[in-house]
Amino acid sequence: MVTANRQIVNSYVEPALTRIEIFALRKSGGIPGTTPDYFARIGQRQTSIRYCNAEMALQTELRIPVRKSYEGGRTRTGC
């Protein structure tokens, strides 16, 4: 699983640095009171480019294609 969250400071419309986190599905080891599986964070990074859309951050930084229904800007930053 991959997440991207823009680190908005002043305004939602302003480009913002984006935190990208990568998770892997792991077994919990049968610890009582837990689920059999969980997502463990295996990597994270803060972008050096400011983005207007988190989906474009994933495309630019990790080459994950945007959804067909994506309606944001088509520039490298999504602005």
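The radius of gyration is taken here over C-alpha atoms, and the rule for a globule is 2.2 Å times the number of residues to the power 0.38. For a compact globule of 79 residues that rule gives a value near 12 Å, but the protein chain comes out at 16 Å. Along its principal axes, the C-alpha trace spans about 45 × 30 × 20 Å.

A quick word on where these values come from: this is a predicted model, in which local features need pLDDT of at least 70, side-chain atom pairs count only at pLDDT 80 or more, and totals for chains, interfaces and linings use all residues. Residues are numbered from 1 along each chain as its sequence is written, and side-chain values use heavy atoms, with hydrogens and water left out.

As for the fold, the protein chain has 1 helix and 3 strands (DSSP runs numbered from the N terminus: H or I of at least four residues for helices, E of at least two for strands). Reading along the sequence gives the order β-β-β-α.

Next comes the question of what is tucked away. Of the 79 residues, 27% count as buried (under 20% relative accessible area, with exposed meaning over 50% and partly exposed in between, using a 1.4 Å probe and protein chains only).

Helix 1 covers residues 54-62, and its buried residues are Ala-54, Met-56, Ala-57, Leu-58 and Glu-61. An α-helix has 3.6 residues a turn, so residues three or four places apart point the same way. The buried residues of helix 1 pack against strand 1 (2-6), strand 2 (18-27) and strand 3 (37-46). At the start of the helix, a side-chain oxygen of Asn-53 comes to within 2.7 Å of the backbone nitrogen of Glu-55. Just past the other end, Arg-63 takes a positive phi of about 60°.

Ser-28 sits in the loop between strand 2 and strand 3. Why does Ser-28 count as buried? Because its relative accessibility is 14%. Its side chain makes a polar contact of 3.4 Å with that of Thr-34 (a pair of N or O atoms within 3.5 Å; within protein, one must be able to donate a hydrogen and the other to accept it, and residues adjacent in sequence count only if both atoms are side-chain atoms). The side chain of Ser-28 also reaches the backbone oxygen of Thr-35 at 2.7 Å. Leaving aside residues up to four places away in sequence, Ser-28 touches Thr-34, Thr-35, Pro-36, Asp-37 and Tyr-38.

Terms used. Contact = heavy atoms within 4.5 Å.
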